[in-house]
Amino acid sequence: MRIKAQVAMVMHLDKCIGCHTCSVSCKNVWTNRPGTEYVWFNNVETRPGVGYPKEWENTDRYKGGWVLRNGKLHLRAGGPVSKLANIFYNPNMADLNDFYEPWTYDFQQLHKREKGESIPVARPKSMITGKYMDKPQWGPNWDDDLAGGTESVSNDPNFRKLQEHIKLEYEKTFMMYLPRICEHCLNPSCVASCPSGALYKRDEDGIVLVDQDACRGWRFCMGGCPYHKVYYNWNTHKAEKCNFCYPRTEAGLPTLCSESCVGRIRYIGVVLYDADQVKAAASVEDPKDLYESQLSVFLDPFDPEVIKKAQEQGINHSWIQSAQESPVYKMAIKWKIALPLHPEYRTLPMVWYVPPLSPIMHHIANEQDLSVDGYIPAVDQMRIPMEYLASILTADDTHQIRRVLLKMTAMRIHMRAKTVGGVDELKKSQLLKEANTTAEELEEMVRLLAVAKYNERFVIPTGRREMLDDLYFMQGSCSIEDLAPPEGRK
Amino acid sequence: MDHFPLCITVLIVAGFYRFMFRGKSWVAPSTEIFEKRWLRIGSVVFHYGIIFAFMGHVMGVLIPMEVYHALGVSDSLYHFMAIAGGGLAGLMVVIGLVVMLTRKFLFPRVHAHTTGGGYFTLLWLILVAGLGTYMTLIYNTTVGEYEYRESIGPWFRSLFTLSPRSDLMLEVPILFKVHILLSFALFAAIPFTRLVHMFSLPVRYPMRAPQQYRSRDGFDKKY
Ligand code: SF4
Ligand code: SF4
């Protein structure tokens, strides 16, 4: 058993209001430089919709992630030999049109113009060519709130699957927001796709980073990541990606997207897993089993055996304690209400999503009049949203989505009975039984999902330094001192 | 003519300096994100062409004539192969370069991100490769086959022992001399251009483990 710790995130989609505050705070800190104007380490997409970059889920086109062939994992885009043969031109790579051409406005024009008949306008100016753009054709969140119309919706790879048997009735459709960052996968295909070995997963916290000194700009990571979360900086000619704000998490602070999240939808915590099991877990035959097999690599942080082993392997007390208090452990592993994004890519993603109940509840016209046992059929009737969610979160397994949604509904009813009343106890207990949960569990869930404060939502141990030899010497030193030979060293 | 060691010294010293102290600029600076279709033709044709051309130079200049004789390759067979293979490789290189250069003017996004160094590299390569292709395809077939394996070959090999036999070069046609001079200048220019990426071809990739873990200094010392 090779125990490793991973900092992971849960997003509770019901609470996301699509305000893009997360994207903006991330952008202002990390990608506000020439070369990265089009880059959003965090982006929020309206679903159904094509997403960012367009149709990133279209694996036939970008060829991201892993596939299972004869029981063995292979990169979908091809292994090292075929990558070397394609190194002069990468056929699967997205180009700027798949993202968008970033632009700014000629603001000077607004206050420098002479007095005249017409209103002065600030013309859009490309940040790539520096030339005026007559008409931007696509931009960040161009299709926000379904404003891309049926065109964007019907090009959603998940929706295309459903369309075989469902005709989109635009006014009856549902809508949700999907905030996305790098998943910091347990089995990252971006790392395996890098010919230079520049991408790596950190041993201590599982954060996946690009070594800027080692990156030579071969760009296979871009398409290699099935979530399309590695970007090419055209200025430095190197790959960049979400770094989970490691300078913040090392100090015990949440990532910027989480810190600034208006809906407070984000949770960060540590999970312990067995690195020796990762490969087997990613190699199960049926994609629908991937969710369960992914859960099987996690270790119970309360198990004395696990604690002992973890300590032996250098994971210290504060990390184990954080793993025990981890909101991610509770939601993803204990209550199983958070699901991984596209488990079928076989990368074992580490950002989990609690599926939204609202698209379903919105379809119930008069919730007040609905009897308790009406909820189960109500959940079951919502075939379109459920199949859509299943295609995003459970590799098309609607049973798992139904299970989570029933649990969330049970929580809703239980709390309504408690605070408002008027709920038939017998029927409620039937619902709880069907949802396979208990009143205690539901109340614990409510606590974390609805009222949890900052330090319950973010349980992040500080980065580890005790393994450094020269802590005494390092005390009070500045990082530049690493460049010079340490005087205090024996 | 005998400035080869000097050029190689510049290549090594400047290359070393750039790798060590300007390492973050050591990349294959791609504009694929701006334009894909022309690049697909230009880049692939050029790169494979230059790999063939490199092998051709090894065969023609580094491998002594005696080796061919020992192997029983007749001179006429050698020249036929050299003209056909070398000509094809040379044409690929030149066509690829011209496509890539045209692309730089055709697409505003690519144009905006081409530096002086980028143009220099392409133009210089076109000069060198163009001359080389001309020599192989036209000179050899119209003026007369030139047996460079008796002059340029031994001379080039003598450069590596730092005892150049310049006398061998006296009779060499001027075209060949210009080609050699231009290439030496190009070698010296490598560390100052995008060409450095040729030294970073990730040949070890197939041998390494797919997943890479790294740790902050000393993390696993405690194991
Ligand atoms: S989501 Fe992140 S860790 Fe996973 S493959 Fe993509 S870039 Fe790599
Ligand atoms: S800040 Fe929070 S609520 Fe707003 S879009 Fe981002 S994740 Fe959603």
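The following paragraphs describe the overall build of chain A and then one of its helices.

This is a predicted model, in which local features need pLDDT of at least 70, side-chain atom pairs count only at pLDDT 80 or more, and totals for chains, interfaces and linings use all residues. Residues are numbered from 1 along each chain as its sequence is written.

Chain A contains 23 helices and 14 strands; these are DSSP runs, with helices (H or I) of at least four residues and strands (E) of at least two, numbered from the N terminus. The radius of gyration of chain A is 24 Å, close to the 23 Å given by the globule rule for 490 residues, so the chain is as compact as a globular protein of that length. That radius is taken over C-alpha atoms, and the rule is 2.2 Å times the number of residues to the power 0.38. Along the principal axes, the C-alpha trace of chain A spans about 80 × 70 × 50 Å.

Of the 490 residues in chain A, 58% are buried, meaning under 20% relative accessible area with a 1.4 Å probe, protein chains only. Contacts (heavy atoms within 4.5 Å) can also be sorted by sequence separation: among those in chain A between residues at least 6 apart, 72% join residues at least 24 apart.

Helix α18 of chain A, residues 383-393, illustrates burial within a single element. Nine of its eleven residues are buried, and the helix is thus described as mostly covered. Among the buried residues of α18(A) are P385(A), E387(A), Y388(A) and L393(A). Just after α18(A), A395(A) takes a positive phi of about 55°.

How values were computed. Chains are lettered from A and ligands numbered from 1 in the order in which they are written. Side-chain values use heavy atoms; hydrogens and water are left out. Buried means under 20% relative accessible area, exposed over 50%, partly exposed in between (1.4 Å probe, protein chains only).
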